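Please look over the sequence and the model below before reading on. The paragraphs that follow go through a few features one at a time.

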Amino acid sequence: MTATVTSRAALTLSSRTAKRRSSNVVGRIGLYLFLVGAALFFALPLIIMISTSLKTVDEIRLGSIFLPPRSLDTSAWAKAWSSACIGRSCGGIRGGFWNSVRIMVPSSVLSVLLSALNGYALSLWRIRHAGALLSALTVGAFIPYQVLIYPLVRLSSDIGIYSSISAIVMVHVLFGLPILTLIFRNFYLSLPEELIKAARVDGAGFFRIFFRIVLPMSTNVVIVTLILSVTGVWNDYLLSLVFAGRDNLPMTVELASLVSTRIGVPEYNVNMAATIITALPPLLLYVVSGRYFVRGVTDGAVKG
Amino acid sequence: MLASSAPATKPAEAGSAPGFRPGRRHRTIPAAAMARLALVPSILFCAIGFYGAMLWTVVISFTTSSIIPRYTFAGLAQYADLFGMDRWHTAYTNMFLFGSLYIACSLAFGVLLAVALDQGVKGRGLLQTVFLYPIALSFIVTGLAWQWLLNPTTGLQNYVRGLGFQSFAFDWLSSPNRAIYTLVVAGVWHAAGLVMAIVYAGLGSIDHEIWRAGRVDGIPRTKMYLRVILPMLKPVIVVCVVLLAMDVVKSYELVVAMTGGGPGYSTDLPAKFVVDNLFTRTNIGLASAAATLMLASVVMLLMAFGWFQKRRATP
């Protein structure tokens, strides 16, 4: 009896596997079609932008958006960088690039350092109401900018720093604190307590433990938070527009102005070249740092 | 004043300052207090920058302020003005329309992508990179890129018409009724990769035992995903929903780059409404009322999230 049972089982199994195998192939093809299609969907805007930036204005006007460029004409890029007209001045987007750098460096360095210090204090030292403090901080991350802009403008102008690099740096640090502190604090919670205890027995104080012991152990977290901060600051538009002052406008703002500056025929190739140049730093960072970027983004998401 | 005095180890003079430890540095602040001290600047900074500022805006919304703040109590006058404005109604309804589509499509697309990648496909790393790269781009760049693609005169419509389909129409961007959907397309393009990354990480954390149990029971894969795996990922998906919802409330730059709020104000969103009224029309009171309503929406969202968490904790 067992023989018939097993043989029947084997038969159904083999026919099931046969059916599964054929539907498997169809399923597999469908799967890859879906994935490749999705990849095309995601890649298309970037491809179009690159191809358009390498065309001449006539090519764009007479041809269609999906045609590849006839020759790789990079004049649009040079023009976007140094001679395109933004409003009344025709200096290209180069100025905006350096402004972005001038805003990003102090903002990100301060953000990461301050958040690391806060996360360290909140996790490895006994602070009363640490949980409540963290919750209050996290809630801050959810407040829409629009609710805070006017008061912050008034406050910064009362201190006398409105419309300057200092103002935009402080604003960026403020808005970066919640998520970055949370990430550092969660990371430091996983450090062994004995490490700190031993250092304290040796007489090290709060700051010495931070700079000599904890910070050197934090390379991974620092990279992740730095990536988050740099990307956020570089891609910001609204805050910089409001707080940075006319002489310090970053690339994103200049880009928007450049694109809406219409003198005669709109030069799509220059516009797209400028767009790509603006997108390039965080994009390169993303491509280079790969796993760290993903971790940063998912960490920031899940922890928040 | 002895010239030959050796460096004095000051003997503990009776009644010297507290915290004085002979043989060490004077007056060391105990490290624990230092920790608290180090936090104070940040606490003050955040208290003023977040909560103080928020309170200020809410207060202004109840005053008669227009170009400059005037602290005369005006009750709900600003809100009444707000509700009488067609533009605000459009902006507010747009937020829900855009928001629900954006969240639903990003979620669906992202989950599909994550599940598809979970099937052991080749080139998974490359595909993930391609799916996720838009998150590295500014919303301005995203908006501009899609604006060109969907622009009737130069983009998709022009191309298909050039292929011979003269009656092909894809002028959503210039149609007051449809322009909002272009925002959805650009938004989903930007965010689906993030959903994919988060859900994919969640999928990876699912115990292999569960898969084996499913195989032993002969459950087909699709049912496995629908009935077993995805319900297990509910907290991950909730996180995605919250994140996406935050994007919706904040979405200023996408509108500016893609449609400028137009045609007319058909694609206006509360975020843009507030900023326009603050800086272009300089009606501080009205803008603050609008901002307070945005805040109220966020608070309700957070409360719903908190309620969901509580429900999850009590089985």
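In which loop of chain A does A:Pro266 lie? The model shown here is a predicted one, and in it A:Pro266 lies in the loop between α12 (251-260) and α13 (268-289) of chain A. This proline has a relative accessible area of 27%. Buried would require a value under 20% and exposed a value over 50%, so A:Pro266 counts as partly exposed. From A:Pro266 to A:Tyr237 is 29 residues along the sequence. In space, their C-alpha atoms are 23 Å apart.

Now step back to chain A as a whole. Its secondary structure consists of 14 helices and 0 strands. Chain A has 304 residues, and 48% of them count as buried. Its accessible surface amounts to about 14,900 Å², and carbon and sulfur atoms supply 65% of that area. The contacts within the chain can be sorted by how far apart the partners are in sequence. Among contacts with a separation of 6 or more, 72% are between residues 24 or more positions apart.

Two loops of chain A hold residues with a backbone angle worth checking. Most residues other than glycine have a negative phi. A:His129 is not a glycine, yet its phi is positive, at about 60 degrees. A:His129 sits in the loop between α4 (94-124) and α5 (130-142). Is this histidine buried or exposed? Its relative accessible area is 59%, so A:His129 is exposed.

The second case is A:Ser163, which is also not a glycine and has a positive phi near 65 degrees. A:Ser163 belongs to the loop between α6 (145-159) and α7 (165-189) of chain A. With a relative accessibility of 37%, this serine counts as partly exposed.

The last feature involves both chains. Which residues gather in a patch of positive charge on the surface? They are A:Arg28 from chain A, together with B:Lys122, B:Arg215 and B:Arg221 from chain B. One of them, B:Arg215, is found in helix α8 (residues 208-216) of chain B. Membership of such a patch requires a relative accessible area over 30%.

Conventions
Residues numbered from 1 in each chain as written. Chains lettered and ligands numbered in written order. Predicted model: local features only at pLDDT ≥ 70, side-chain atom pairs only at ≥ 80, totals over all residues. Heavy atoms only, no water. Helix = DSSP H or I, 4+ residues; strand = E, 2+ residues; numbered from the N terminus. Buried < 20%, exposed > 50% of the residue type's maximum accessible area, 1.4 Å probe, protein only. Patch = residues over 30% accessible without salt bridge, like charges linked within 9 Å, V, L, I, M, F, W, Y side chains within 5 Å. Areas by Shrake-Rupley, 256 points an atom, 1.4 Å probe, with all protein chains shown as cover. Salt bridge = Lys/Arg side-chain N within 4 Å of Asp/Glu carboxyl O. Lys, Arg positive; Asp, Glu negative; His and termini not counted. Charge placed at Lys NZ, Arg CZ, Asp CG, Glu CD. Contact = heavy atoms within 4.5 Å.
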